[in-house]
Structures are given as C-alpha cells and as structure tokens.
Amino acid sequence: MLRSTSIKNDSWKPVKLLARQSVDSPIIDISCDSKGEVAAVLSESELNIFTNRELLTNIPFDNGKKVSITEDSQLIFVVSDEKIMCYDSWGQLQWEYLSSSIISKMHASSDGNTILFFSEKFVKVLNRFGEINWEHEFASDILDVSLSKSNELIISVDKSLFLVKNEKEITTLKSGINV
C-alpha cells in the first residue's frame with residue numbers, strides 16, 4: 001500500500017492507488033491535461049492515450065522524444081527527431097510537420113495555438129493546424145528557447161539573448177554574455 005505524509009500533522013496515512021496501467025516498452029515522456037482526465041504516455045515503441053484512467057488507444061511510434069497535451073485535452077503533440085505530429089484526444093492524426101533537420105526541442109502553448117521548435121540555427125513557430133506562422137535563422141546555434149504564457153519567445157544563442165514579440169519583432173536583451 002502506498003503511503004503519504006502530511007506536512008501539517010507530520011503523520012502518515014494510507015493512499016489508495018486509483019489506476020494502474022502498463023506499457024510495453026520503457027517510458028520516454030508523459031503528459032496530461034489540466035484536469036487529469038486525458039494522459040499520454042510516449043514509450044520507445046508507441047504512444048498510449050488514456051482517458052479517465054482507461055487505455056483509449058495505442059499508436060505505434062518509433063524515435064519519439066516528447067509528448068505534450070493542451071490544457072483542454074483537445075490536442076496531443078508528439079515530437080520525433082525530424083517530425084511533429086498532432087493527434088486529437090481520440091488518437092486520430094490531425095496533421096504532421098516534417099522538418100528538414102533534427103528537432104532539438106519543442107514547446108506548445110497551453111491552448112495549442114502556438115507550437116515552437118528549434119534545430120541548430122533555426123527557430124520556427126507553427127499554428128494549431130501545423131502551418132508556419134514565423135521562422136528565423138540566427139547567426140549561431142540556438143542553445144534554448146522558452147515560450148511565455150503571452151506567447152513571447154526568449155531565445156538564447158552563444159553570448160546573446162533575444163525576445164521575440166508578436167512573432168515578428170526581435171529585440172536583443174543582452175549580448176556579449178556567456179550563456
């Protein structure tokens with residue numbers, strides 16, 4: 001039986017396990033919606049989608065790196081080395097975007113309207129339909145990218161930080177620093 005501790009009372013109490021599901025291969029990443037009703041588990045060989053703690057579907061999937069679900073559970077994004085795929089909460093493929101280079105990292109806004117990814121010197125922003133809204137090539141390799149709740153991008157490259165507003169206006173926040 002699992003146990004949990006209370007910070008207030010410094011005591012232990014039993015915790016009931018609500019669900020247990022197994023997957024066929026080692027897990028790479030997991031994500032769930034804001035209510036915890038829909039969960040996606042990306043393993044080495046498949047994407048498993050659970051609804052209300054029950055397995056809804058499993059989709060064969062190789063070379064997956066990340067899975068992300070929108071807050072409202074309507075969209076599930078899965079990233080592989082050179083592809084971003086979007087599924088609905090029933091596991092039906094909505095669209096896929098094929099990149100010309102290996103995708104380093106992907107972020108999706110909580111509503112799924114903005115999907116950001118980068119690889120090497122390129123950063124691209126897709127809309128919820130997989131269409132490119134904005135892209136930019138930097139002079140040096142991108143180290144990391146972050147997406148704010150207001151959909152502003154913060155991009156770090158070697159010795160510089162950039163802020164991108166409205167997917168068009170690039171401002172240098174700091175240059176000549178060691179990141």
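Let's start in this predicted model with strand 11 (residues 105-108) and strand 12 (residues 115-119), which pair in the antiparallel sense through four bridges. If you look for the partner of K105, you will find F118 in strand 12. The two strands make a hairpin with six residues between them, and in its turn G112 has a positive phi of about 80°.

Stay with strand 12 for a moment and pick out L116. Beyond its neighbours within four places in sequence, L116 is in contact with K105, M106 and H107, with V123, K124 and V125, with V145, S146 and L147, and with L153. L116 also belongs to the largest nonpolar core, which has 14 residues; together with V123, F138, I142, V145, L153 and I155, L116 is among those that touch the most other members. At least two residues of this core come from each of strand 12, strand 13 (122-126), strand 15 (142-147), strand 16 (153-157) and strand 17 (160-165).

Now turn to another part of the chain, where four strands form an open, antiparallel sheet in the order 7-8-9-10. From one strand to the next, the twist averages 15°. Within this sheet, strand 8 (residues 75-80) and strand 9 (residues 83-88) run antiparallel and are joined by five bridges; F77, for instance, has C86 in strand 9 as its bridge partner.

Key. Residues are numbered from 1 along each chain as its sequence is written. This is a predicted model: local features need pLDDT of at least 70, side-chain atom pairs count only at pLDDT 80 or more; totals for chains, interfaces and linings use all residues. Side-chain values use heavy atoms; hydrogens and water are left out. Two strands pair if DSSP finds at least two bridges between them. A nonpolar core is a set of buried Ala, Val, Leu, Ile, Met, Phe, Trp, Tyr and Cys residues joined through side-chain atoms within 4.5 Å. Buried means under 20% relative accessible area, exposed over 50%, partly exposed in between (1.4 Å probe, protein chains only). Contact means heavy atoms within 4.5 Å. Axes are lines fitted to C-alpha atoms, for helices over the stretch in contact, and angles run from 0 to 180 degrees between N-to-C directions.
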